[in-house]
Amino acid sequence: MVQAKTWILKQHFEGFPKDSDFELKTEQLSEPKDGEVLLEAVFLSVDPYMRPYSRVRMQAGDVMIGTQVAKVIQSNNPSFPVGCHVVGRGGWRTHTVSDGSELIKLLDDWPQDVSLSHALGAIGMPGLTALYGLEEVCAIKPGETLLVNAAAGAVGSVAGQIAKLKGCKVVGSAGSDEKVAYLKEMGFDQAFNYKTISSLEEALKNASPEGYDCYFENVGGPFSSVAIAQMKAFGRIAVCGGISLYNDTSPQTGPYPHLHMIFKQLKMEGFLVSRWEHKNKESLKRMLTWMQEGKLKCKEHVTVGFENMPAAFMGMLRGENIGKAIIKV
């Protein structure tokens, strides 16, 4: 019998999450049956989506949702032999018994010199989100100008780099001078700290006086209202997230973008990365090649220790991470 440690959502978040919303529990797992495997978590992910999804996908008392890279330590499933690594949606737990139906085996040719943790970041869901937001939603073209907010995060930092690979001008917004320096290091043409500027409108105009063809939206709220006014005619907006809204106890209101969208004939589309799941294998190989060629650089903010998952989650929501927030067990 294996003991699994799990982090439980003790009660739904009201406003910003707090320590008392979580509870660490121990669970006895049965031996894997025919077709099942026993997994041991190696790396776990904390992501912004967990905050809004916890309200609609979870009940109080459930194990916190999330993705992990895990090692198969017992197997009664020939598709997942002992010793192989998988990405799975086991949530915040150290061990999981799975029938394999939701597991994704890591690429067989995963390079030795690339940490498996990147399967939760640039070579995983966040990287795919950046890629599909640009290619499928924005249909971005060489020579165009892209605006990315939360640009030093797991998705935004990859989106900016992919746009540069495609021959675009990229402007990024982030929440600290250290993050702005990181964006410039990543090749962003312009970057600014939204917390220290006197006017967002002026910052956006100075960074790209001619406006923006594409806007990769991670934040929502007042930033979005100002940014939409800076779009060029026939601009495209990929709505990936709205982190400025996630911890509100009462909904934010206007201003509303309708006139800008009508007069400039803008396209604004929300998306979930799962829509293009059929392309994932080819897309992940493409991004892994970019990483090996040094064209895609991916910073990680690593927290050591499963017991520190709530702190890592709350720190990520506060913007303490540069790049992907990872927990190493």
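**Sheet, rings, pocket**

So, the sheet: six strands form an open sheet in the order S10-S9-S8-S11-S12-S13, with parallel pairing. Strands here are DSSP runs of E with at least two residues, helices are runs of H or I with at least four, and both are numbered from the N terminus. Two strands pair if DSSP finds at least two bridges between them. At the edges sit S10 (190-193) and S13, each pairing on one side only. On average, neighbouring strands of this sheet are turned by 15 degrees against each other, direction ignored; the axes are lines fitted to C-alpha atoms, and angles run from 0 to 180 degrees between N-to-C directions. Zooming in, S8 (residues 145-148) and S9 (residues 169-174) run parallel and are joined by four bridges. Leu146, for one, has Val170 in S9 as its bridge partner.

Quick housekeeping: this is a predicted model, where local features need pLDDT of at least 70 and side-chain atom pairs count only at pLDDT 80 or more, while totals for chains, interfaces and linings use all residues. Residues are numbered from 1 along each chain as its sequence is written, and side-chain values use heavy atoms, with hydrogens and water left out.

Now the rings. The whole structure has 10 aromatic pairs, meaning Phe, Tyr or Trp rings (for Trp, the six-membered one) with centres within 6.5 Å; planes under 30 degrees apart are stacked, over 60 edge-to-face, and the rest tilted. Trp92 and Phe313 are edge-to-face, at 5.6 Å centre to centre and 75 degrees between the planes. Trp92 is in the loop between S5 (85-88) and S6 (95-98) and Phe313 is in helix H9 (residues 309-317), so this pair ties together parts 221 residues apart in sequence. Both are buried, that is, under 20% relative accessible area with a 1.4 Å probe, protein chains only. Together with Phe13 and Phe22, Trp92 and Phe313 form one aromatic cluster.

Last stop, the second largest pocket, with about 320 Å³ of space. Closest to its centre, among 19 lining residues, are Gly220, Gly221, Ser224, Ser225 and Pro255. A pocket here is an open set of points on a 1 Å grid where a 1.4 Å probe fits, with protein on both sides within 12 Å along at least five of seven lines; lining residues have an atom within 4 Å of a point. The volume is the space filled by probe spheres set on the points, which are joined across faces, edges and corners. Helix H6 (residues 221-228) gives the largest share of the lining, five residues.

Definitions and conventions:
Buried < 20%, exposed > 50% of the residue type's maximum accessible area, 1.4 Å probe, protein only.
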